[in-house]
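Biologist: Hi! Could you walk me through this fold while I have it open on my screen?
Modeller: Happy to, just ask away.

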Amino acid sequence: MSDHVLDASALLAAMLDEAGAERVRGVLPTARIGAVNLSEVVAKLQERGIPDDEIDQSLVDLDLDVVPFDRALAVAAGKLRVATRSAGLSLGDRACLALARASDAVALTTDRAWAKLKVGVTIEVAR
């Protein structure tokens, strides 16, 4: 089992060589990402004008362990809403936290707002 679950922001940092990229790249071989967060990554890459075939090839090259967003994770993410509302977390953010909690893993993000959260998950901010 992986010890890190990636938020979309973390994977994007690694893929786009943004601040925190080296930290994220260090855990990529054993990291997991939820399907919701992977969808966010693909959408952001498209918004940047990256062609679909390049996105597809990058994802093949990364060979990430992608975890489906099932009923249990959906319920767990929904139950994180009240605890994370003040930090402005999205559904994708909460899906990452729910997966990290269910996996007993560290949630890796670049979003500094997560650092103050108290939701029963170890959170690491990569930048």
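Biologist: Which strands does H3 lie across, and at what angle to S2 does H3 run?
Modeller: H3 lies across S1, S2 (32-34) and S3, running at about 85 degrees to S2. Contact here means heavy atoms within 4.5 Å. Axes are lines fitted to C-alpha atoms, for helices over the stretch in contact, and angles run from 0 to 180 degrees between N-to-C directions. Helices (H or I, at least four residues) and strands (E, at least two) are DSSP runs, numbered from the N terminus.

Biologist: Before we go on, what sort of model is this, and how are residues numbered?
Modeller: This is a predicted model, where local features need pLDDT of at least 70, side-chain atom pairs count only at pLDDT 80 or more, and totals for chains, interfaces and linings use all residues. Residues are numbered from 1 along each chain as its sequence is written, and side-chain values use heavy atoms, with hydrogens and water left out.

Biologist: Thanks! What about H7, which strands does H7 lie across?
Modeller: H7, residues 91-103, lies across S1, S2, S3, S4 and S5. H7 runs at about 165 degrees to S1.

Biologist: And how do the axes of H3 and H7 cross?
Modeller: Their axes come within 8 Å and cross at roughly 140 degrees. That makes H3 oblique to H7, since angles under 35 degrees count as roughly parallel, over 145 as roughly antiparallel, 65 to 115 as roughly perpendicular and the rest as oblique. H3 passes H7 in a left-handed crossing, the term for a near helix turned anticlockwise from the far one by less than a right angle, with clockwise giving right-handed.

Biologist: Which residues meet there?
Modeller: From H3, Val 36, Asn 37 and Glu 40 meet Gly 92, Asp 93, Ala 95 and Cys 96 in H7.

Biologist: Let's do the sheet. What is the strand order?
Modeller: The order is S3-S2-S1-S4-S5, in an open sheet of 5 strands with parallel pairing. Two strands pair if DSSP finds at least two bridges between them. S3 (65-67) and S5 (123-125) stand at the edges with a single partner strand each, so one side of each has no neighbour in the sheet. From one strand to the next, the twist averages 35 degrees.

Biologist: How many bridges join S1 to S4?
Modeller: S1 (residues 4-6) and S4 (residues 106-109) run parallel and are joined by 3 bridges. His 4 has Val 106 as its bridge partner in S4.

Biologist: Now H1 and H3, how do those cross?
Modeller: The axes of H1 and H3 come within 9 Å and cross at roughly 45 degrees. That makes H1 oblique to H3, and the crossing is right-handed.

Biologist: Who makes the contact?
Modeller: On the H1 side there are Ala 8, Leu 11, Leu 12, Met 15 and Leu 16. H3 brings Asn 37, Leu 38, Glu 40, Val 41, Lys 44 and Leu 45.

Biologist: Which residues touch the most other members in the largest nonpolar core?
Modeller: Leu 6, Leu 11, Val 24, Leu 28, Ile 33, Val 41 and Leu 108 do, in a core of 18 residues. H1 (8-16), H2 (21-27) and H3 (35-47) are the elements that give two or more residues to this core, and H1 gives the largest share, 5 residues. A nonpolar core is a set of buried Ala, Val, Leu, Ile, Met, Phe, Trp, Tyr and Cys residues joined through side-chain atoms within 4.5 Å. Buried means under 20% relative accessible area, exposed over 50%, and partly exposed in between (1.4 Å probe, protein chains only).

Biologist: What does Leu 28 touch?
Modeller: Not counting residues up to four places away in sequence, Leu 28 touches Leu 6, Leu 11, Ala 14, Leu 62 and Leu 64. Another core, of 17 residues, lies apart from the largest one and includes Val 67, Ala 100, Trp 114 and Leu 117.

Biologist: Is Thr 84 buried or exposed?
Modeller: Thr 84 is buried, with a relative accessible area of 0%. Thr 84 lies in H6 (residues 81-84).

Biologist: Last one, what is the phi of Asp 17?
Modeller: Asp 17 is not a glycine, yet has a positive phi of about 55 degrees. Most residues other than glycine have a negative phi. Asp 17 sits in the loop between H1 and H2 and counts as exposed at 55% relative accessibility.
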